[in-house]
Amino acid sequence: MTAPALLARAEHAVKGPVWGCQMCGQCVLHSTGLTCPMNCPKTLRNGPCGGVRADGNCEVKPEMRCVWLKAYERSERLPMWRGHIDHLRPPVDNRLKDTSSWFNLMTGRDRRPPAGWAANADVQP
Amino acid sequence: MSNLERKLASREFVVTAELPVIDGGGQAEILRQLAPMRPFVDAFHATDNPSAHAHCSPLAVAIGLLGAGVEPVMQLACRDRNRLALEADLAGAAMHAIENICCLTGDDVTAGDEPEARRVFDLDGPQLIALARTLARGRYLSGRPISPAPHYFIGAVENPGAPPYEYRVRRAAMKALAGARFLQLQICYRPELLARFLGAAYDTGLGERLALIPSICILRSVAGMRFVATRVPGIEVPPETLARVERAEDPEAECFEIAYELARHALAQPGVAGLHFISFRQDAGIAKLCTRLGIPPRVEREINGYSAAIAI
């Protein structure tokens, strides 16, 4: 087994049980109040959709609390990264699925949005 | 530059409306649907499989609206298309000189009549807005150039009536940052939540960056009100509002009265740039409501000017 694959296995062993990590390979947990946005049935990366129910539960899974409602509440309680929830996160790079975001963080691979997106550099507040 | 963009930039009051869904019938069907509300409306939204029900595509309907001599707003939702398909429809819209684009995340497939379908959501609403701006800057997402670069007037949608209420204005600010210049507000049967959103938007100066347009829905029956209350994601109808229609001798008149009250309330809020009307059936409801609100027909507004403050 290669080093990146080993790292992916270790990452999933830790982040799976704790955050329900879906191994997107481009982790944004720090900016979402340590709530994995890939557990949103719509896999939204930039906040709650307009379908959140009045009781705070998910449009798609009525028995589940909205992932982004949790993300917002937790991000407000985190001592650091508080404003980061307002940052516009780029589209998911689907090629990174099931790879280690730790490894991709080290190599910078998780911060390589498409060239056209990168030209939108003014999207950060 | 579209009329909608020009009017909102010069702070003229605008009226937009949703064209009822089209399933065929050609240009004649579009003309038939337009007829009763046409004199009052500045731009018509071509919807994108609303409530996850399949209908004619928004690009096809927007082209039909242009052919009918009215200005379209092409809605685009993230539910049914990946980023390539969204780029193709954006480029296709520009090809036909359709500039007004309204970007939505979209209801889930489970809200519709084909819940077994695969949901896409390759992008989310804010990313779709940024994608439209990327194209407007002369690039596909890949960076490949588009020449000439298309011009879009990009809009978005936000729901002031869905939790987390206090976060909705910040999410709208994110959409402004991504490139949205107008913001449709989802139908809201809890006026206090609309007022809360618009108050916060005013206080934070959001209305300076985004034209805020609340939506008013004109229903006609108890069944219609029940459908919206139970089946449309993110819309909460208070039990007393539903009971009002159920108890009424004339449910259609009561529904109209509720729409009128909500519209009056919306117009009384700070920073409202216009109103967006939704009526699920082809009828004269929108024209009647505009008249009752004191909003003159489009041509009259253009000649004499109009400030919404007159209506309240």
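**Notes on chain B: a strand and a helix pair**

1. Strand 7 of chain B and strand 8 (residues 274-279) of chain B pair in the parallel sense over 4 bridges; strands count as paired if DSSP finds at least two bridges between them. Across this pairing, B:Cys217 stands opposite B:Ile278 in strand 8 of chain B. Helices (H or I, at least four residues) and strands (E, at least two) are DSSP runs, numbered from the N terminus.

2. A word on the source: this is a predicted model, where local features need pLDDT of at least 70, side-chain atom pairs count only at pLDDT 80 or more, and totals for chains, interfaces and linings use all residues. Residues are numbered from 1 along each chain as its sequence is written, while chains are lettered from A and ligands numbered from 1 in the order in which they are written.

3. Strand 7 of chain B also runs parallel to strand 6 (residues 182-185) of chain B, joined by 4 bridges. Here B:Leu183 stands opposite B:Leu212 in strand 7 of chain B.

4. How many of the 8 residues of strand 7 of chain B are buried? The count is 8 of the 8, so strand 7 (residues 211-218) is largely enclosed by the rest of the structure. Buried means 20 or more other C-beta atoms within 10 Å of the residue's own, with C-beta atoms placed from the backbone. B:Ala211, B:Ile213, B:Ser215 and B:Cys217 point one way, and B:Leu212, B:Pro214, B:Ile216 and B:Ile218 the other way.

5. Now the helices: the axes of helix 5 (residues 125-136) of chain B and helix 6 (residues 168-178) of chain B come within 8 Å and cross at roughly 20°. Axes are lines fitted to C-alpha atoms, for helices over the stretch in contact, with angles from 0 to 180 degrees between N-to-C directions.

How values were computed. Buried ≥ 20, exposed ≤ 12 C-beta atoms within 10 Å, placed from the backbone.
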